[in-house]
Amino acid sequence: MRRLLILGTAAAALLMNSAAFAETTLNALFMSQAAYSEADIKAMTADFEKANPGVKVALEFVPYEALHDKIVAASGAGADGYDVVLFDVIWPAEFATRGFLTDVTDKIPADATAKIFDGAWTTVEYDGKRYGMPWILDTKYLFYNEDMLKQAGIANPPKTWAELATQAKAIKDKGIVQYPLVWSWSQAEAMICDFTTLTAANGGAFFEEGQPVFASGGARDALAYMKQTLDDGLTNPASREYLEEDVRRVFSNGEAAFALNWTYMNAMANDPAESKVAGKFKVTSAPGVDGKSVASGVNGSMGLGIPANSPHADEAWKYIAHLTDQSVQETYSKLSLPIWKASYDNPTVAEGQEDLITAAKQSIAVMYPRPLVPSYTEVSDILQKNLHKALLGEASVDEALTAAADRVKRIR
Amino acid sequence: MLGRRQIREKWMLLVPAMAVLGVITLVPLVNTLWLSFTDARITAIVTPVKLIGLENYVYALTDPDFQEALWRTLYFTVVSVGLEVALGISIALLLNQEFRGRTLLRALIILPWAVPTIVNAVAWRLIYHPDYGALNSLLFQLGFISSYQSWIGSTQLALNMVILADVWKNFPLVVYVALAALQTVPGELLKAAAIEGAGPWKRFRAITLPWIAGPLLVVIVLRTIEAFRVFDIVYVMTGGGPADSTKTASFYVYQEYFNYLRSGSGASYAVLVAGISAVLILAYYAAARRQDQGSRA
């Protein structure tokens, strides 16, 4: 009896205890590559938990390749799913039409619209509504090894893609490096980002009035350019197996003169522990094409949203508001740049990465979206396969793009 | 004749097992079959699901990419199971001989099989790496290649390289089953045959192989089912690339379901893949029965 009483008291105490410190745990899903590092996100989260007693955040990091499936699979998990998810710019159309994400248009302060870049907003918008807050504002930049350019007698980085090929040829001919160009052209989304950058530079488009138009015009010129650099021995042929991290490794090893990659490579290639070219390279906007563009870029931004099945939407929004806060973003601006226009004139943000900020001002203004259609994943898979065929020399540029366009028309 | 009580007892004992089986296999199977005839999609918005007859199957089977993937998967299955069996029996015969260190070798041979598929796939991806892979380094230093090759970046090579990785991981299973079976082959029979003048190959064909055929068939069937629905090792090593050259049939199930969120269509691909492996297995059994009858006659 005595033992029962003690047990009863303990149980009652436990119950009261949990009532007094009602704790909400938010399940948040992030990716473990590019942009903010895990350490950065953990630090931001710790600050949030300190400022919001009673709210804990359970962080989960997965590779980018697993992000989409995780969000979809967890949508059926009821209250046990995620409360905050990181999503890519190419998914809002799909997620919105399927009801996976909460419409947060009304939660966003009215004055935020003008203070944040339009390109950032595209990341979270579909059909006039907003399904989250933009967080990672990213595009591909051109990184060039200054030492190699100097050795080849080149004074300025290329302004156009044609000039880039000429400079690469000069570097190759002087024997400075075997393959001056390195890209992320494996059969993956990373290849579509490079293709989109070149398509934008050439003034091309993917769809017009719902019909694929990428088999001609700027998109065709883009693929033809990619193939030509392989044929001329300017592009490292292993690029067709590379993702962004491989590009970073090759460039950081001093095995390429030019590379196209996201913001995060700037800080990492400048870290002597990670790189042999620290302090020897510069970053600038991806070039343009004569008469068509002065610079180019792909919208590679990502946003934070609340899944429709989250039972803690209010706390989740608080957490998102904290992560996307201007001062928080300015504190962690080495691996990912802020979404806020004013941040780019803040000297502390620019400090030590002046060339990146200069490039960002130009690139963010021109970054081009990948097709904003609900079936994007399928469109991208079709393009990936066919572009790869062309790059591997198994189909001509025209055959590949025509086949892709025909297949896209068959999507149900 | 069973009494009424005995009949009741029989059912009482059977029902729990049947219920478990029903819940974990029959219900999902029927559900998948039903889904495959609908236009169901994965969505959080309540939408009515329509029966659309054979439309999903027609779409899948008329898709030239899926047809190619089926042939590719068949190639993967035949080559990879074939190599595993050939290698497995040879090594089992070797390990069945008396020699020093046999016990150690028998223990070591199981190691590849104990490695999880994902770990195996990542390891082989590194071995095949175009810049710092061990295979390039080995072949280059031995003088077999004059420059580093792109093993899983070439459409001609990639599938074969994945098969190699799969064979390395799975042949030990065949070794173990064959080795266990070999130990039941009566030595007197082999000796008698030898005295009668039968050479080693004849002895293997006429005595050893028929003797171990039963257990071998079980492992072949198991490996065939697994090989035909191969996904994980390919997904990790190549993601289906380059240019879809390693994209197997199971990719379509995954892709339709999780990437394109068409659960109805995904179910039809799943039924097709399962159906084709069932046909392969039936073919094995038919062949085995014929052989069995032949040896008795």
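This short talk walks through a predicted model, beginning with chain A and its domains and ending with a few backbone details.

Before the details, a word on conventions: residues are numbered from 1 along each chain as its sequence is written, while chains are lettered from A and ligands numbered from 1 in the order in which they are written. Since the model is predicted, local features need pLDDT of at least 70 and side-chain atom pairs count only at pLDDT 80 or more, whereas totals for chains, interfaces and linings use all residues.

Let me start with chain A as a whole. Its secondary structure comes to 18 helices and 14 strands, where helices (H or I, at least four residues) and strands (E, at least two) are DSSP runs numbered from the N terminus. The C-alpha trace of chain A spans about 90 × 50 × 45 Å along its principal axes.

Turning to the domains, chain A is divided into domain 1 (24-138 + 300-360) and domain 2 (141-298 + 375-409), with bounds that come from an automatic or database domain assignment. Their C-alpha centres lie 28 Å apart. Where they meet, 16 residues of domain 1 of chain A are in contact with 16 residues of domain 2 of chain A, a contact being two residues whose C-beta atoms, placed from the backbone, lie within 7 Å. The largest share of the domain 1 side, three residues, comes from α16(A).

What lies inside? The largest nonpolar core has 133 residues, and those with the most contacts inside it are Val84(A), Phe143(A), Val182(A) and Ala256(A); such a core is a set of buried Ala, Val, Leu, Ile, Met, Phe, Trp, Tyr and Cys residues joined through C-beta atoms within 7 Å. Helix α9 (residues 189-201) of chain A gives the most to this core, with eight residues. Both domain 1 and domain 2 of chain A give residues to this core, so it lies between them. A second, separate core of 35 residues includes Ile89(B), Leu159(B), Phe171(B) and Val219(B).

Between the chains, 19 residues of chain B are in contact with 21 residues of chain A.

Finally, some backbone details. Most residues other than glycine have a negative phi, and most peptide bonds are trans. Against that background, the peptide bond from Gly241(B) to Pro242(B) is cis, with omega near -10°, and Pro242(B) is found in the loop between α11 (232-237) and α12 (249-259) of chain B. That loop also holds Asp244(B), a residue with a positive phi near 65°, which is buried, with 21 other C-beta atoms within 10 Å. In chain A, Asp127(A) has a positive phi of about 55° although it is not a glycine, and this residue sits in the loop between β4 (125-126) and β5 (129-130), where it counts as exposed with 10 C-beta neighbours inside 10 Å.

Conventions:
Buried ≥ 20, exposed ≤ 12 C-beta atoms within 10 Å, placed from the backbone.
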